[in-house]
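Here is a short report on a predicted model.

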Amino acid sequence: MRIVRGLTSVPPDAPTAVVALGVFDGIHVGHREILVRAVRRARVLGLEALACTFDPHPMEVLQPDRVPPPITTLAERIDLIAEIGLDATVVLPFTRELAVVEPEVFVKDVLLARLHAREVVVGFNHRFGRGARGDPRLLEALGQWLGFAVDIVPPLAIDGEPVSSTGVRAMLQQGDIERAARFLGRPYSVCGDVVRGAGRGRTLGFPTANVRTERPLLVPTGVYACRARWAGRVYPAVVNIGIRPTFANQDFAVEAYLLDFSGDLYDKPLCLSFHRRLREERRFPAVEALKEQIAQDVLSARECL
């Protein structure tokens with residue numbers, strides 16, 4: 001998939017496209033439906049399937065005190081879009097200048113003149129343009145006037161609950177990992193580099209990798225059953241998130257014990273996908289009690305992974 005950053009990087013002879021338009025914050029199952037529909041229509045029409053998204057999140061510019069924590073990084077978002085089968089993704093820098101562009105001008109100058117949209121696929125609640133005046137109904141009206149088709153994807157619900165990025169964040173923050181995975185269409189995951197820690201896990205018989213994540217975690221402190229992806233391979237893992245209260249003066253850390261692995265993980269990227277919250281983080285009266293609990297955590301992780 002081609003990645004195009006900014007309108008100035010879009011070639012003037014870019015192919016005609018079906019454009020999926022949205023922030024796509026987190027790429028949950030509702031976002032996937034928008035993107036899949038764009039790919040499907042593009043294949044039927046023999047056109048390019050193109051995603052048009054924004055970075056940073058518009059709230060960072062418009063209401064920075066209310067910006068939601070990210071579910072994915074931009075790089076992760078782009079990778080997830082590529083997995084769906086889009087031919088290209090255009091990332092538009094969201095600036096105050098872009099925010100005040102009238103929606104009619106955005107459609108004419110961006111979607112039509114630069115991205116060569118023949119069809120636009122958009123979620124039912126997408127807003128764009130000055131004062132968020134642009135909405136799917138205005139887009140439909142402009143399509144009839146300017147000669148492009150609009151596909152409005154209705155809201156999706158799981159067990160009667162609407163799918164939304166806000167809802168996914170709430171599930172993750174409450175530790176409801178498995179439910180969040182259903183709404184995302186995949187396990188919640190984070191990536192980061194393995195950095196050197198105190199080495200205490202090794203003395204306990206459970207050597208851990210200290211992961212410096214690329215973005216803030218949305219899940220609460222606790223112990224989790226995860227899958228760890230490293231160097232093209234996947235390992236079951238037990239991950240502790242927190243301050244390790246059994247030991248004094250500990251900083252917040254993400255520590256991953258990879259099952260069935262031996263070797264050096266330092267200074268290399270590691271990705272963790274979260275599958276179940278095993279328990280809360282707690283203080284143990286003695287190191288031996290902690291070791292016994294970790295052994296039990298390992299058994300529990302093996303059972304659910």
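## Basis

What is the order of the six strands in the open sheet? The answer is S1-S4-S3-S2-S5-S6, with parallel pairing. Strands (E, at least two residues) and helices (H or I, at least four) are DSSP runs, numbered from the N terminus. Two strands pair if DSSP finds at least two bridges between them.

The model is predicted: local features need pLDDT of at least 70, side-chain atom pairs count only at pLDDT 80 or more, and totals for chains, interfaces and linings use all residues. Residues are numbered from 1 along each chain as its sequence is written, and side-chain values use heavy atoms, with hydrogens and water left out.

Axes are lines fitted to C-alpha atoms, for helices over the stretch in contact; angles run from 0 to 180 degrees between N-to-C directions.

Strands S3 (residues 48-55) and S4 (residues 88-93) run parallel and are joined by six bridges. Thr53 has Val91 as its bridge partner in S4. Helix H3 (residues 74-84) packs on the sheet and touches S1, S3 and S4. The direction of H3 makes about 165° with that of S3. Contact means heavy atoms within 4.5 Å.

## Thr73

Thr73 sits in the loop between helix H2 (58-62) and H3. Is Thr73 buried or exposed? Thr73 is buried, at a relative accessible area of 17%. The classes are buried under 20% relative accessible area, exposed over 50%, and partly exposed in between (1.4 Å probe, protein chains only). Leaving aside neighbours within four places in sequence, Thr73 contacts Glu214 and Arg215.

## Cysteines

The whole structure holds one disulfide, defined as a pair of cysteine sulfur atoms within 2.5 Å. Cys191 and Cys271 form it, with sulfur atoms 2.0 Å apart. The link of Cys191 and Cys271 is right-handed, with 105° about the S-S bond. Cys191 lies in strand S9 (residues 189-195) and Cys271 in strand S14 (residues 269-279), so the pair ties together parts 80 residues apart in sequence. Both Cys191 and Cys271 are buried.

Cys52 counts as buried because its relative accessibility is 0%. Cys304 is in no disulfide: the nearest cysteine sulfur, that of Cys226, is 9.1 Å away. Cys304 is partly exposed, with a relative accessible area of 22%.
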